[in-house]
Amino acid sequence: MAQSDLDLKEAVLKEDLKFYFMNPCEKYRARRQIPWKLALQILKILMVTTQLIFFGLSNQLVVSFKEENTIAFKHLFLKDYSGVDEDDYSCSIYTQQDAYDSIFYVINQYRQLKNISLGTLGYEHEGSGLKICKQQYKKGTMLTSNDTLNIDVSTETECIFLKPQELAGKKAELKLNSSFFSLEFYRLIQVEISFKLKGIALQTIHARELPDCYAFQNTITFNNRAHSGKIKIYFDSDTDIQECKDWHIFSSVLQKNTQYILVFDGFVILSCFASLILCTRSIVLALRLQKRFVNFFLEKYKRHVCHADRLEFINGWYVLVIISDVMTIIGSILKMEIKAKNLTSYDVCSILLGTSTLFVWVGVIRYLGYFQTYNVLILTMQASLPKVLRFCCCAGMIYLGYTFCGWIVLGPYHEKFEDLNTVAECLFSLVNGDDMFATFAQIQQKSTLVWVFSRLYLYSFISLFIYMILSLFIALITDSYDTIKKYQQSGFPVTDLHEFLKDHGSVRYGKEQTSMPFICCCRRSVGDEHLTWCLLVWKSIL
């Protein structure tokens, strides 16, 4: 009697296992189970992509408004700005008179801002103004002719505040003529001018969106740290989007368009929430099925199931979809708040929606995995990933060594080796065969020893990484690909799970063999060979 119960339990378990590893088309033919999750995933892909396109078009307006205002500020407040930045700074000056002229030019332009600006700009509030700070070494003396210098290297900072109202009166003239603006350039480190402005982006109205209000924190830095006779002028504009207060826009079309987009975002949240529930339920059912199989295997064969067979029940596509759904739901809620002008977290919303859409489209690969020909990419990536990661760890040590060596030796003689981040980017470009001649040619020939070292350094790095390390990297992936191709021809390795289901007959189909449109394009029975392929390859999310 006990043996009969065990056989019955085994038959039921095999039926459930075989059904679990089917694709949606086969599940429909076996039990007439309509693949709701498949339809929901397809619908979700369309909705999430449409949502991202709408948000991307709106975000383009924000980005263009920020960039155009930054360019306008540079032309407004930087004297003789050419329109093109010099390296990493905006412009430079070389005489004391140019330094005074540039500082007072900023003050004068700020005072006349409302009369000269073409944009919708204004001061932050009545108490706002220009904050001018100068940082310098403490008092000392310098005699260049005798090569003598007496200076205290500790620094001191002195600031002055100019309000827009004061700039129009005589009080401002007293401040501008004070000793604060008598600069001793031999001990001057930098002069920093900071001020806040506000603006409104009206271009969004033409895109049938409510306008945004912006706060610009502008900082102009006259950098004289090098004391080389060249003062670099840096312009930095930090933009924050703020809620517009007490605004009234008379347009029914604008209001309706906002409502339609909010409703659409609501449907996206509902579809992702339904997908999240269904995928979570599938993971729970898979874990229960795994537990049944592990317990039965231990009861009948008196041994534990291997780790690889346990992982067969954990479908990575489920996890990917769940992460994507959570990010889409949070991003959609933020997007609705941004659309209603209650929040201004564009960056956070962009990261969430962009990453979730990336995961959604990567998940499309699982549908191609239903076909043996298209599934080679997934299997090759799975097989080669552990070996590639171990290989990259070893190659990374060599890469870091070259990075530090290039930074410390070639940094003073080559602009691409000035800091660690730039060195790492330069070497990565060389590995990919990009910009090689420019890297060789730009080395300064001021030191013959360094020039010879640079040649040995670059030739050895390129030869080692392109001809050896990169070739071995490709060989690892090629080897995994060849292994997968052999398995497809001769069969995949058989595990305990496959042996358990090997002698089980085909799942009984319903009497009617009606195939579903757009999914079931052919009829076939689930034989042993097909089952083995399903267990290893066709682990679909549905």
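Which handedness does the disulfide of Cys133 and Cys159 have, left-handed or right-handed? The torsion about its S-S bond is about 110°, so the disulfide is right-handed. The structure discussed here is a predicted model, in which local features need pLDDT of at least 70 and side-chain atom pairs count only at pLDDT 80 or more, while totals for chains, interfaces and linings use all residues. Residues are numbered from 1 along each chain as its sequence is written, and side-chain values use heavy atoms, with hydrogens and water left out.

A disulfide is taken to be a pair of cysteine sulfur atoms within 2.5 Å, and a search of the whole structure finds one. The sulfur atoms of Cys133 and Cys159 are 2.0 Å apart. Cys133 lies in strand β3 (residues 130–143) and Cys159 in strand β4, so the bond ties together parts that are 26 residues apart in sequence. Helices (H or I, at least four residues) and strands (E, at least two) are DSSP runs, numbered from the N terminus. The two partners can also be described by burial, where buried means under 20% relative accessible area, exposed over 50%, and partly exposed in between, using a 1.4 Å probe and protein chains only. Cys133 is buried, with a relative accessible area of 13%, whereas Cys159 is partly exposed at 42%. Cys272 has 0% relative accessibility and counts as buried; Cys394, at 57%, counts as exposed. The sulfur of Cys394 is 6.8 Å from the closest cysteine sulfur, in Cys393, which is too far for a bond.

Glu156 counts as partly exposed at 32% relative accessibility, while Arg187 counts as buried at 6%. Salt bridges that share partners join Glu156, Glu184 and Arg187 into one network.

Asp325 bridges to Lys44, with the closest N and O atoms 2.6 Å apart. Asp325 lies in helix α10 (residues 316–339) and Lys44 in helix α3 (residues 36–77), so the pair ties together parts that are 281 residues apart in sequence. Both Asp325 and Lys44 are buried. Lys74 forms a salt bridge with Asp85, the closest N and O atoms being 2.8 Å apart. Here Lys74 is in helix α3 and Asp85 is in the loop between α3 and β1 (91–93), 11 residues apart. Lys74 counts as buried at 10% relative accessibility, and Asp85 as partly exposed at 34%.

Helix α10 also contains Lys335, which counts as buried at 5% relative accessibility. Its side chain makes a polar contact with the side chain of Asp265 at 3.0 Å. A polar contact is a pair of N or O atoms within 3.5 Å; within protein, one must be able to donate a hydrogen and the other to accept it, and residues adjacent in sequence count only if both atoms are side-chain atoms. Not counting residues up to four places away in sequence, Lys335 touches Gln51, Phe55, Ile261, Asp265, Cys349 and Leu353, where contact means heavy atoms within 4.5 Å.

The nonpolar interior comes next. A nonpolar core is a set of buried Ala, Val, Leu, Ile, Met, Phe, Trp, Tyr and Cys residues joined through side-chain atoms within 4.5 Å. The largest has 48 residues, of which Phe77, Ile132, Ile193, Phe195, Ile220 and Phe222 touch the most other members. A second, separate core of 21 residues includes Val423, Ile443, Tyr457 and Leu458.

Finally, the unreviewed UniProt entry carries the annotation "transmembrane region" for residues 260–289, 310–333, 345–368, 388–410 and 456–477. UniProt positions are given in the numbering used here, feature names are shortened, and annotations may be inferred rather than shown by experiment. In the model, residues 388–410 are 100% helix and 0% strand, with end C-alpha atoms 31 Å apart. Residues 456–477 are likewise 100% helix and 0% strand, with end C-alpha atoms 30 Å apart.

Conventions
Salt bridge = Lys/Arg side-chain N within 4 Å of Asp/Glu carboxyl O.
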